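Biologist: I am new to this structure. Please take me through it in questions and answers.

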Amino acid sequence: GRAAAGISHDLNQPLMAIRSFAENGAAFLDRDKPDRAADNLLRISDMARRMGRIIKNLRAFARQESVPVGRVDLARVLETAVELTASQLRRDGVTLEVTAPPGPLWVRGGEVRLGQVFVNLITNAVSFCEDGDAIRVWARQRENRVLVVVEDTGPGIPEQALGKVFKRFYSERPEGQFGNNSGLGLAISKQIVEAHGGVIWAENIRPTAADITSEPLGARFVVGLPL
């Protein structure tokens, strides 16, 4: 019941926005204001994409597919994830910096499913950010694993939510809402990472000596995948 209510809310919100923007757009067209109408069309497109992400995540969660075994270049997976989120980053005025060693970062698993993890993490970070904020993605190979870190300069994660953000349909954030999605993206990411034998966790970014009650400098998501 709670899950269904959450999904209904998350789908209904952009649907009502689409209806409002469409009606306003028609009114602006009648009044000969094409610029305002064009702005509403962009907003309709953005809301439709948001609904599409929710539906895509629902389908992914329902499939519960086994992980295909193969050799995957994680550096290329990250490049693709950046390409897929570029338009959202531009639209929201958020910059993205990617730092990775030269050459491939080989892991075993499924390219498409691992790509979904990093698209979800970047999209989640964008949902916290405001115009002028930044996201940094960096990857490193250690002895027996590859680490990928996604950091943002958003408001951070409420301390009471740190252990809950990967639960399906969980949605809490400062001032009322945790991200702008159904809460499935992070749960799916955890499912995929663990199916690959990896680990994923979330933490707040603070100076080493900072008190835990101080305002964080942003959020950090860490993914570790075996070679």
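Modeller: Helices (H or I, at least four residues) and strands (E, at least two) are DSSP runs, numbered from the N terminus. This is a predicted model, in which local features need pLDDT of at least 70 and side-chain atom pairs pLDDT 80 or more, while totals for chains, interfaces and linings use all residues. Residues are numbered from 1 along each chain as its sequence is written, and side-chain values use heavy atoms, with hydrogens and water left out.

Biologist: In what order do the elements of the protein run from the N terminus on?
Modeller: The protein has five helices and seven strands. From the N terminus on, their order is α-α-β-α-β-β-α-β-β-α-β-β.

Biologist: What share of the contacts with a separation of 6 or more is between residues 24 or more positions apart?
Modeller: Contact means heavy atoms within 4.5 Å. Among the contacts in the protein with a separation of 6 or more, the share from residues 24 or more positions apart is 72%.

Biologist: Is L74 buried or exposed?
Modeller: L74 lies in helix 3. Apart from neighbours within four places in sequence, L74 is in contact with L105, V107, L114, F118, V146, V148 and L225. The relative accessible area of L74 is 0%, so the residue is buried.

Biologist: At roughly what angle do the axes of helix 3 and helix 4 cross?
Modeller: Axes are lines fitted to C-alpha atoms, for helices over the stretch in contact, and angles run from 0 to 180 degrees between N-to-C directions. The axes of helix 3 (residues 74–92) and helix 4 (residues 111–128) come within 9 Å, and they cross at roughly 30°.

Biologist: How many nonpolar residues does the contact of helix 3 with helix 4 have?
Modeller: Residues making this contact include L74, V77 and L78 of helix 3 and L114, F118 and I122 of helix 4. Ala, Val, Leu, Ile, Met, Phe, Trp, Tyr, Cys and Pro count as nonpolar, Asp, Glu, Lys and Arg as charged, and the others, Gly among them, as polar. The contact has four polar and three charged residues, and its nonpolar residues number 12.

Biologist: What is the handedness of the crossing where helix 4 passes helix 5?
Modeller: The axes of helix 4 and helix 5 come within 9 Å and cross at roughly 145°. A crossing is left-handed if the near helix is turned anticlockwise from the far one by less than a right angle, and right-handed if clockwise. Helix 4 passes helix 5 in a crossing that is left-handed.

Biologist: Why is the pair of F166 and F221 edge-to-face?
Modeller: Rings of Phe, Tyr and Trp (its six-membered ring) pair if their centres lie within 6.5 Å, with planes under 30 degrees apart counted as stacked, over 60 as edge-to-face and the rest as tilted. By this rule there is one aromatic pair. The centres of the F166 and F221 rings are 6.0 Å apart, and the pair is edge-to-face because the planes are at 85°.

Biologist: How many residues apart in sequence are the parts that this pair ties together?
Modeller: Both F166 and F221 are buried. F166 lies in the loop between strand 5 (145–152) and helix 5 (184–195), and F221 in strand 7 (residues 219–226), so the pair ties together parts whose separation in sequence is 55 residues.

Notes:
Buried < 20%, exposed > 50% of the residue type's maximum accessible area, 1.4 Å probe, protein only.
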